[in-house]
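Let's take a friendly look at this protein chain together. Here it is:

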Amino acid sequence: MKRFSHLFRAGSLTAALLCITSLAFAQGEPPEGGPEPDAPTAVPIDGGASLLLAAGVGLGLRQLRRRQKA
């Protein structure tokens, strides 16, 4: 049973690595011409990032309260 687990883990890792490398080679070259972006490093921060931040703060407060009760 232990050997099967080891083989399954090794096979899963190999399959994951093959998928990742095939995705890396699937990236094409950028198109030539066209408009240049104003600020290529500008990333819009929308509601998703603020929700993740709020969830992290909430989980942190929850953990602090649980530690204080114990």
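**A helical chain and its surface patches**

At 47% relative accessibility, Arg-66 counts as partly exposed, a label for values between buried (under 20% relative accessible area) and exposed (over 50%), with a 1.4 Å probe and protein chains only. This is a predicted model, where local features need pLDDT of at least 70, side-chain atom pairs count only at pLDDT 80 or more, and totals for chains, interfaces and linings use all residues. Residues are numbered from 1 along each chain as its sequence is written, and side-chain values use heavy atoms, leaving out hydrogens and water.

**Whole chain**
- The chain has 2 helices and 0 strands (DSSP runs, numbered from the N terminus: H or I of at least four residues for helices, E of at least two for strands).
- Of the 70 residues in the chain, 0% are buried.

**Positive patch**
- Arg-66 sits in helix H2.
- Arg-62, Arg-65, Arg-66 and Lys-69 gather in a surface patch of positive charge (residues with over 30% relative accessible area and no salt bridge, like charges joined within 9 Å, nonpolar side chains, namely Val, Leu, Ile, Met, Phe, Trp and Tyr, within 5 Å).
- A salt bridge puts a side-chain nitrogen of Lys or Arg within 4 Å of a carboxyl oxygen of Asp or Glu.

**Nonpolar patch**
- Leu-53, Val-57, Leu-61 and Leu-64 form a nonpolar surface patch.
- Leu-53 lies in helix H2 (residues 47–69) and counts as exposed at 60% relative accessibility.

Methods: Areas by Shrake-Rupley, 256 points an atom, 1.4 Å probe, with all protein chains shown as cover. Lys, Arg positive; Asp, Glu negative; His and termini not counted. Charge placed at Lys NZ, Arg CZ, Asp CG, Glu CD.
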